[in-house]
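Dear colleague,

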Amino acid sequence: MSRIRLRWHDRPGLAGGIDKDGTRAEELLGLGFGSVEFGTVAAHLQAPFSLAALTARLAILPPHHPDGSAIGIGIGLSPGAAPADLPAQWLAGLLGAWRVADYVSFNLSAQACRPLLAREHLPLMAAAMKSIAAERDRLPRRIPLALKFPLGTEGEPLPDVAAAAAQAGFDALTVVLPAAGGQLSRLARFAALAQRIADGPALVAVGGIRTAVDVCAARAAGAAGVQVHRAFVDAGPDCLPALIGAGGGRQRAPALPGMTEKAGTPG
């Protein structure tokens, strides 16, 4: 059994929501995070944060070093979009983002998108992700795909959309840990998801991660990488040394059964 590994997961990443329009791109990409995720934006022209404006700003950035921060673009839906609009809007997002992104993340964590996680929408979601992965495979270069979704809380079923993304060929799952419950409970639920999808997408934990100890705990639960948001909002770039700690941001906790990494694929 093996799990996909993306190079930028060796260092903490900056989650979406910090810079939705690319106006801080040069600053954020120079801070030393493994990745910086911009957005969430929508491909729809009437979206409050448009993909076109973001990619226009990212396209004129100076070339970045191959080992520098990866550029992620979070794709969402336009306000008021119906579930049936999702496949077309996500596909337009991929086609609009891939030229300037190192990976593209499709975001279901926003409150407005959470009804799409209901089982009745799973066939729609699965078909949309398969279509996006097939379109990605026709692009001139292979760009990793990620799906971001909330893990849910204790007592709820684990999100079915995770397995659907894995089956579609997505490369990473960005899992939003619940705010409720203690850290052990939240990470036990994360570990259960990691074991359920033991061979496939890299898992990235986001939510409540502030220190190197938190990073190690998330990795021990099966995370290939972590992202932070609140820690950066509160402390700015100073949060990074606290996250990296003595391990240089490459802490490796003992792997759970069936979770050895498949190094170097893709990215």
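The notes below concern helix packing.

This is a predicted model, in which local features need pLDDT of at least 70, side-chain atom pairs count only at pLDDT 80 or more, and totals for chains, interfaces and linings use all residues. Residues are numbered from 1 along each chain as its sequence is written, and side-chain values use heavy atoms, without hydrogens and water.

In helix α5 (residues 160-168), V161, A162, A164, A165 and A168 are buried (under 20% relative accessible area, 1.4 Å probe, protein chains only). Helices are DSSP runs of H or I with at least four residues, and strands are runs of E with at least two, numbered from the N terminus. Just after α5, G169 has a positive phi of about 100 degrees.

The axes of α4 and α5 are 9 Å apart, at an angle of about 25 degrees; axes are lines fitted to C-alpha atoms over the stretch in contact, with angles from 0 to 180 degrees between N-to-C directions. α4 is therefore roughly parallel to α5 (angles under 35 degrees).

Helix α3 (residues 86-97) packs with α4 at about 25 degrees, with axes 10 Å apart, so these two helices are also roughly parallel to each other. Residues in this contact include W90 of α3 and M129 of α4.

Yours sincerely

How values were computed
Buried means under 20% relative accessible area, exposed over 50%, partly exposed in between (1.4 Å probe, protein chains only). Angles under 35 degrees count as roughly parallel, over 145 as roughly antiparallel, 65 to 115 as roughly perpendicular and the rest as oblique. Contact means heavy atoms within 4.5 Å.
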